[in-house]
Amino acid sequence: MPHAPRPQPGPVRLAHWVNVPLLAILAMSGLQILAAYPMMGPQGAPYGVYPFQGTPPPGWTRLGEWLAGARHWHFAFGWFFVLNGLCYVAWLVGSGEWRRRLFLPRRDARDALHTAAYYLRLRKEPPRQEPYNGLQRFAYTGVLVLALVEVLSGLVLYKPVQLRALTALFGGYDPARLVHLGVLALLALFTVGHVVMVALHPRTLGEMVTGGRRHE
Amino acid sequence: MSDPRGGRLLTRRTWLLGTAAVALGACDSSRPRQGFLGAMERFNQRFQSALFDPERLAPEEPAEALTRPGAFPQYFISDRVPLAPAGWALQVGGLVARPGVLSLDDLRLMPRTDYRIRHHCVEGWSAVASWHGVRVSELAKLVGADPRARFVEFRSFDAGYYSSWDGPSAFHPQTILAYGMNGAPLPPEHGAPLRLYSGVKLGYKMVKYLTAVNFLPEPTGGYWEDRGYEWFAGV
């Protein structure tokens with residue numbers, strides 16, 4: 001009989017830890033790029049919805065020292081982020097792990113709501129942890145979708161004319177720039193929530209490092 | 001060799017950390033065109049050239065998208081708005097059959113191209129204006145540019161600002177020597193009497209205050225390119 005899978009198989013752990021420095025590099029070099037023009041909307045018509053018009057992100061959040069340096073960091077490491085994401089998705093599909101990890105609304109929506117209610121102290125029953133509860137599946141599937149939108153909006157900013165169909169899909173260059181920053185904020189929010197949940201369930205950190213015990 | 005752990009000198013962890021340290025050590029933000037960042041930029045340049053479609057046009061923008069008067073940024077590196085020297089004319093040289101000098105009237109007699117497209121600045125902003133002028137490809141025909149001249153260099157009287165372009169981008173149908181903006185003669189703040197404009201490059205490639213166009217067999221650099229910005233800089 002084949003071994004039952006570990007809670008976190010090798011490919012997941014590799015993709016996860018490779019992502020940590022990549023996301024930090026991309027977020028911080030992106031904020032250095034933003035500092036060159038910390039406005040949203042085309043020249044002469046700034047967007048009213050953006051609350052930080054004219055305010056550059058604080059220095060400690062930035063990487064690359066200046067615009068050209070940050071652009072080189074961003075466009076160098078963006079490839080590795082895309083490659084890591086593609087490898088992860090290919091593995092999800094190839095190994096069949098997508099069934100265990102992805103959010104399928106009909107199966108997981110109710111459990112996701114119950115779990116959210118538990119963390120908000122609206123329900124007493126603790127959520128299922130094995131393998132993943134609905135809320136986890138929602139979060140880890142949602143963050144994949146966010147990453148995809150982040151890459152696509154980034155490609156629009158990189159090549160708005162060569163990829164003009166994609167640019168049109170986002171409603172234009174400046175809307176894509178707003179989406180690119182907005183999704184970064186959502187990714188940052190996910191990371192904060194993720195780290196808080198790991199702090200509440202420290203066993204999961206060990207599993208992401210060693211793979212965890214096999215469940216027979 | 002007496003390793004207490006039994007000979008595994010190079011563990012996976014030290015190998016990973018070592019690789020990461022070497023990779024990050026080769027990333028020097030102040031010299032981004034060297035080291036690992038430079039190698040990745042050369043890869044990105046090949047990717048950009050491969051992605052570049054000489055037939056694909058930047059979309060025409062509607063009149064409502066025009067940037068309101070005064071809001072289109074002005075940019076030059078001199079202390080004041082550079083003014084054309086008396087008797088200004090464009091010098092055309094390099095690998096061409098008929099090198100020479102063209103006045104603004106000579107250029108106006110050539111086929112005229114008009115468009116209203118979006119400008120993409122390396123800083124991240126965009127703006128819209130309409131431009132008119134003569135295609136660089138028309139100029140190449142007029143002077144008999146040699147097919148071996150696969151690069152075009154544009155020079156200015158703005159404190160030596162210059163840039164060199166790959167042929168396919170320079171000969172793109174939306175790459176023009178512009179002498180007009182928003183239906184009027186090109187104003188001094190935007191590069192009068194003649195500037196380069198294009199739908200397929202970032203703003204810093206579009207040299208203003210032109211003095212010379214050279215058709216060359218090799219790429220040269222550029223004002224910002226020599227300081228660390230990307231050379232290809234397509235959009």
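**Close-up 1. An open sheet of 5 strands in chain B of the predicted model.** The strands follow the order β2-β1-β10-β5-β6, and their pairing is mixed. At the edges lie β2 (100–102) and β6 (162–166) of chain B, each of which pairs on one side only. Direction ignored, neighbouring strands of this sheet are turned by 20° against each other on average.

**Close-up 2. Pairing of strands β1 and β10 of chain B.** Strand β1 (residues 90–94) and strand β10 (residues 210–216) of chain B pair in the parallel sense, with 4 bridges between them. Within this pairing, B:G93 has B:N214 of β10(B) as its bridge partner. In general, strands of a sheet pair through backbone hydrogen bonds, either parallel or antiparallel.

**Close-up 3. Helix α5 of chain A and its surroundings.** Helix α5 (residues 134–158) of chain A comprises 25 residues. From its first C-alpha to its last, the helix reaches 36 Å, close to the 36 Å expected at 1.5 Å a residue. Buried residues of α5(A) include A:G134, A:L135, A:Q136, A:R137 and A:F138; A:A147, A:E150, A:S153, A:G154, A:V156 and A:L157 are also buried. Among the elements that cover the buried residues of α5(A) are α2 (67–95), α3 (98–101), α4 (105–119), α6 (164–169) and α7 (173–200) of chain A.

**Close-up 4. The contact between chain B and chain A.** Chain B contributes 34 residues to the contact and chain A contributes 25 residues. On the side of chain B that touches chain A, α2 (35–51), β3 (113–120) and β4 (126–135) of chain B each supply at least two residues. The most comes from α2(B), with 6 residues. The residues on this side of chain B divide into 18 nonpolar, 10 polar and 6 charged.

Notes. Residues are numbered from 1 along each chain as its sequence is written. Chains are lettered from A and ligands numbered from 1 in the order in which they are written. This is a predicted model: local features need pLDDT of at least 70, side-chain atom pairs count only at pLDDT 80 or more; totals for chains, interfaces and linings use all residues. The expected span of a helix is 1.5 Å times one less than its number of residues. A residue is buried if 20 or more other C-beta atoms lie within 10 Å of its own, exposed if 12 or fewer, and partly exposed in between; C-beta atoms are placed from the backbone. Two residues are in contact if their C-beta atoms, placed from the backbone, lie within 7 Å. Two strands pair if DSSP finds at least two bridges between them. Axes are lines fitted to C-alpha atoms, for helices over the stretch in contact, and angles run from 0 to 180 degrees between N-to-C directions. Ala, Val, Leu, Ile, Met, Phe, Trp, Tyr, Cys and Pro count as nonpolar, Asp, Glu, Lys and Arg as charged, and the others, Gly among them, as polar.
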